Amino acid sequence: MRCMKLISVGMLLSVAAITGCSKDEENLVEPANCEIAGDNYGITNGNSLGAGNDLSATTVFVYTQQDDESGNICTGTLIDNDKVLTAAHCVEKKGTTFVAFTNSMDCAAAAPSRTLRVVTDKVIHPNYRGSEDRNKSAYDLAVLKFSGNSPEGFYSRDLPTAPVRFSAANDVVVTGYGRSKSYDSGGVGALRYKALPGSSLSRSYYSQFLQKTVDLTRHNILVLDQRNGGVCSGDSGGPLYIKTPDGGLSLAGITSKGINPHSADGDGDVCFGVALFAEVQPNLEWIRESMRRLSY
């Protein structure tokens, strides 16, 4: 699942303001509350997330301003007071990366000093070699360190302590700021989520194009069947959770890429195909070591 690419005038103004490039922008009065309420856009066939709940309090908007003045929109999970877990392909190119603590890209543009934090350092998984090879999705991971601390109302998500165990009885939940209807549709920049039955999650999928089952078990990659909706462009780096018996959420995977396995020629809308996620638990040692490294 590629990150969303776009040029946003509002976001460019925010970048200028937060980096101190313009005194006029620094002196703008920012709204105290510009969060989205009610139904809006995001995860395909998903539901909007208001501020203050468990998902919105641990999910952040990841924006990279590239050297050519285009931008990449992704999603991340807060795993420490000043650190975010996301996908490597979201931050592999040169540019300045920000994380935004808001459920709306427009709110980040309107209130940059309140919502935006500058990423000052990052660690990309050493085994990541690009997301085009589906087997490398297992290493499509990066840990970001941002300046300052998380604002009030946000807190870090616990990392899993046990291997992923899923069944049809346990729903899965995906969250992100991506497109709302299809890969070519609009509606990017607002935080949404979608709950899917546990039977949608596996470690393999059948490819109509290859005429065979692709088994990704040994690659530590989770596969989500999302014919009824799920992650899309802009949701890259976002979390996949498994609901626990006590009603909690266990962080299982990080959104890497989408594939359309239902097409005979390999083409089609990947947002309603299957999504591949880097499994978190097998990468715990690297994640924790990266967090320690970024703390010095």
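Buried means under 20% relative accessible area, exposed means over 50%, and partly exposed lies in between, with a 1.4 Å probe and protein chains only. Both Lys83 and Asp82 are buried by this rule.

This is a predicted model, in which local features need pLDDT of at least 70 and side-chain atom pairs count only at pLDDT 80 or more, while totals for chains, interfaces and linings use all residues. Residues are numbered from 1 along each chain as its sequence is written, and side-chain values use heavy atoms, with hydrogens and water left out.

Start with strand β4. Strands (E, at least two residues) are DSSP runs, numbered from the N terminus. β4 covers residues 71-80. Nine of its 10 residues are buried, so the strand is largely enclosed by the rest of the structure.

Now look at the partners of β4. Two strands pair if DSSP finds at least two bridges between them. Strand β3 (residues 59-66) pairs with β4 in the antiparallel sense, over seven bridges. Thr64 has Asn72 in β4 as its bridge partner. The two strands form a hairpin, with four residues between them. In that turn, Glu69 has a positive phi of about 70°.

β4 also pairs with strand β5 (residues 83-86). This pairing is antiparallel too, over three bridges. Here the hairpin has two residues between its strands. Asp80 stands opposite Lys83 in β5.

The side chains of this residue pair also meet. A salt bridge is a side-chain nitrogen of Lys or Arg within 4 Å of a carboxyl oxygen of Asp or Glu. Asp80 forms one with Lys83, and the closest N and O atoms are 3.4 Å apart. How accessible is each of the two, Asp80 and Lys83? Asp80 counts as partly exposed, at 26% relative accessibility. Lys83 is buried, with a relative accessible area of 2%.

Lys83 has another salt bridge, to Asp82, at 2.9 Å from N to O. Both of these residues are buried. Which residues make up the network of salt bridges? Asp80, Asp82, Lys83 and Lys145 are linked in it.

Another salt bridge joins Asp225 and Arg227. Their closest N and O atoms are 2.5 Å apart. Asp225 is partly exposed, with a relative accessible area of 23%. Arg227 counts as exposed, at 51% relative accessibility. The count of salt bridges comes to seven.
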